[in-house]
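Keep the structure open beside them as you read.

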Amino acid sequence: MAENPPASSSSGATSNPDDLVGTILAGRYRIERRLGSGGMGAVYLGEHLRMGRRDAIKVMRGDMAREEEAIARFTRGARAVARIQHPNVCQVYDFGEAEAGILFLAMEYIDGPAFSQLLADEGRLKPERAIRFIRQVGEALHAAHEMGIIHRDLKPDNLMVARGRDGSEQLKVVDFDIARGTEVEGAGVTRQGFVVGTPEYMSPEQLTGDTLDARSDVYSLALVLFRALAGRLPFEGSTAQELMMQRLSVAPLRLSQAAPGRTFPPGLEDVVHAALAKLPEERPVSAREFVEQVAACEQRPA
């Protein structure tokens, strides 16, 4: 493996930050292929030239790299996730500005599917498996919340399935790009007035632009668990706008209504329903409290 980039067009900066395949980024990452893309930019598979480590390289989209709000969000997310030390949070290795003003984030490469793909393939999960996954995510969120960091976009797309050498499954939380501290007012809306996050998994207070705390992520986590158990979300609507309005005006379905005939651990339906309360003060106060309540249901006799 060459440690110095070759003197070719692939070794220098690219004028198009939206197409980096074949280039050397920041003088130390060989970009191999695109892994995916999202609202903030693209994610590539890259190899660190000196360490030989394969990283996931997130690069801010070219047009967004000229917007102060987007740059602030990207930078804030990088700094936030770098502070969180937890086995279920995707680790950040590097962050900086490369050639031509390209902002990038190098993080742990997880060679596994997104949780959304797992759910798409399997429809719904057995309760014990779903609960095991949610406990991992809940503990990761709790670690972030203790540092004053709210994820604000928790959803199956932002959970990656990693496998240990023994074949065990582990979820890793990614994309803290829009993470903010609890002290920020109106944390669900940018200065330009756009709601930040994914409507299908947003809390009611996020949709209305109110101040957020850990209980907003608890709501989203409960939605992820509901989707994993029932194979669907507890609201019905053909558009994102309809789902948003239902979140604010309609009571969510209970698990037994969304998945009739399925058997769940005693009390689990009530725990999930409480975490989906419209008012934050009616939900568990922390992600840890929620997952402990969920885990306790497994211990109860049927």
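Predicted model: local features only at pLDDT ≥ 70, side-chain atom pairs only at ≥ 80, totals over all residues.

**Notes on the fold**

1. Residues are numbered from 1 along each chain as its sequence is written, and side-chain values use heavy atoms, with hydrogens and water left out.

2. Which residues does Phe 115 contact, leaving aside its neighbours within four places in sequence? They are Leu 125, Phe 133, Pro 156, Leu 159, Val 161, Leu 171, Val 224 and Ala 228. Contact means heavy atoms within 4.5 Å.

3. For the overall picture, the chain has nine helices and 10 strands. Both are DSSP runs numbered from the N terminus: helices are H or I with at least four residues, strands are E with at least two. Of the 302 residues, 52% count as buried, that is, under 20% relative accessible area with a 1.4 Å probe and protein chains only. Among contacts with a separation of 6 or more, 60% come from residues 24 or more positions apart.

4. Now to the sheet. Six strands form an open sheet in the order S1-S2-S3-S4-S6-S5, with antiparallel pairing. Strand S1 (24–25) and S5 stand at the edges with a single partner strand each, so one side of each has no neighbour in the sheet. Two strands pair if DSSP finds at least two bridges between them.

5. Strand S6 (residues 103–108) is mostly covered, with six of its six residues buried. Five bridges join S6 to the antiparallel strand S4 (residues 54–60), and Ile 57 has Ala 106 of S6 as its bridge partner. Five bridges also join S6 to strand S5 (residues 92–97), again antiparallel, and there Glu 97 stands opposite Leu 103. The hairpin of S5 and S6 has five residues between the strands, and Ala 100 takes a positive phi near 60 degrees in this hairpin.

6. Elsewhere in the sheet, strand S2 (residues 29–37) and strand S3 (residues 41–48) run antiparallel and are joined by seven bridges. Arg 33 stands opposite Leu 45 in S3.

7. Helix H8 (residues 268–275) is worth a look too. Its residues Leu 268, Glu 269, Val 271, Val 272 and Ala 275 are buried. Why are they on the same side of H8? They cover an arc of only 165 degrees around the axis, taken from the directions from the helix axis to the C-beta atoms. What covers these buried residues includes helix H3 (127–146), helix H5 (214–230), helix H7 (255–258) and helix H9 (287–299).

8. Finally, find Ser 216 in helix H5. Is Ser 216 buried or exposed? Ser 216 is buried, with a relative accessible area of 1%. Not counting residues up to four places away in sequence, Ser 216 touches Ser 203, Glu 205, Gln 206 and Arg 283.

Note on methods:
Buried < 20%, exposed > 50% of the residue type's maximum accessible area, 1.4 Å probe, protein only.
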